[in-house]
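Here is a short tour of one protein model. Look it over first, then read on for its sheets and helices.

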Amino acid sequence: MTDPTLEPQPGHVREEVTVPAHVPMVALLGQRDEVLRAVEEGFPGLDVHVRGNQIALSGPKGDVDLAKRLIDELTQIASSAQPLTADAVERAITILTAATMERPAEVLTMNILSSRGRTIRPKTLGQKQYVEAIDANTVVFGIGPAGTGKTYLAMAKAVQALQAKQVNRIVLTRPAVEAGERLGFLPGSLNDKIDPYLRPLYDALHDMLDPESIPRLMAAGTIEVAPLAYMRGRTLNDAFIILDEAQNTSAEQMKMFLTRLGFGSTIVVTGDVTQVDLPDGTRSGLHVVQEILDDIDDVAFCRLSSKDVVRHRLVADIIDAYGRYDEGLRRSEMHRRSAHSQEGRRR
């Protein structure tokens, strides 16, 4: 921070932003000024000085203009009584610098579900578009890497729909495909063997509902958590149906699942096409369905990326690194095949 009375450097501009009186500065700046520090880190070439409810910005015009927009968005978020964090600042900057008309305040204050003392809301532009697609379509595919909130947000929308009486029940399902293990080697009964594959769905439910109510809702059939094989032969009316880990379905299983759709129901299919655990030679149903249904009305495909990861920031870097590695392997394989083909023609 610099003295706001100093003249800006050549090529720099200086602007002042007045924070409305109804917004407490402590809410805008964050605990121990963590929000202010995040703004400074987001604009390394910018000098920021706070005095009372005045924020002085000095630096390159582009940075100053963007920082003014950022402060306006953060002010709106703070005025909504939502706590501001350094993470929110980073996400707001990402949204502002994206080629979109969306405003960070609209994204970061969109409430889906309030439960157990906290509110579930999208944290990225991609997540907001995913949630809006669920509202606007009967069948939605959420495709993206781990940590992008595909399943969690779908679960929140399911609970919201149930509480609003838009549906009579929630059906959660997963294919019981092993990632390196065999079901037969797991201890216990069939239900005990299957339970580890369904556990992430139970965990999300416990985040969103009173844990004491979950056994009662499951006993009444209001919430059903079951392997994908249990869906065969059924028609699901007035239900919110989620298929998780859909990359581990075959093309036939995907068709079977989608044709379970009944009247008054919504289907959300989530998966990560880079983490297929199917046997070699089996093509993922999530790959195939994108080719078949991409132009069908009332069906939406939402593709999330590392920019939508809301876990530890290192997760996004890991996803991008694996993406580059896989791309390198594909290029090497294409080069090898091309060289082999040319060698064959010379012979």
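## Strands 6 and 11

Strand 6 (residues 139–143) runs parallel to strand 11, and five bridges join the two. Gly142 has Cys302 in strand 11 as its bridge partner. Strands here are DSSP runs of E of at least two residues, helices are runs of H or I of at least four, and both are numbered from the N terminus. Two strands count as paired if DSSP finds at least two bridges between them.

The model is predicted: local features need pLDDT of at least 70, side-chain atom pairs count only at pLDDT 80 or more, and totals for chains, interfaces and linings use all residues. Residues are numbered from 1 along each chain as its sequence is written, and side-chain values use heavy atoms, with hydrogens and water left out.

Angles run from 0 to 180 degrees between N-to-C directions, and axes are lines fitted to C-alpha atoms, for helices over the stretch in contact.

An open sheet of three strands has the order 1-3-2 and antiparallel pairing. Strand 1 and strand 2 (47–51) take the edges, each with a single partner strand, so one side of each has no neighbour in the sheet. Five bridges join strand 2 to strand 3. Val50 has Ile55 in strand 3 as its bridge partner.

Helix 3 packs on this sheet, touching strand 1 and strand 3. Its direction makes about 150° with that of strand 3. Contact means heavy atoms within 4.5 Å.

## Helix 3

Among the buried residues are Leu66, Leu70, Glu73 and Ile77. Buried means under 20% relative accessible area, with a 1.4 Å probe and protein chains only. After helix 3 comes Ala81, with a positive phi near 70°.

## Helices 2 and 4

Helix 2 (residues 34–42) and helix 4 (residues 86–96) cross at roughly 35°, their axes coming within 8 Å. Helix 2 contributes Glu34, Val35, Ala38, Val39 and Gly42 to the contact, and helix 4 contributes Ala86, Val89 and Ile93.

How values were computed. Buried < 20%, exposed > 50% of the residue type's maximum accessible area, 1.4 Å probe, protein only.
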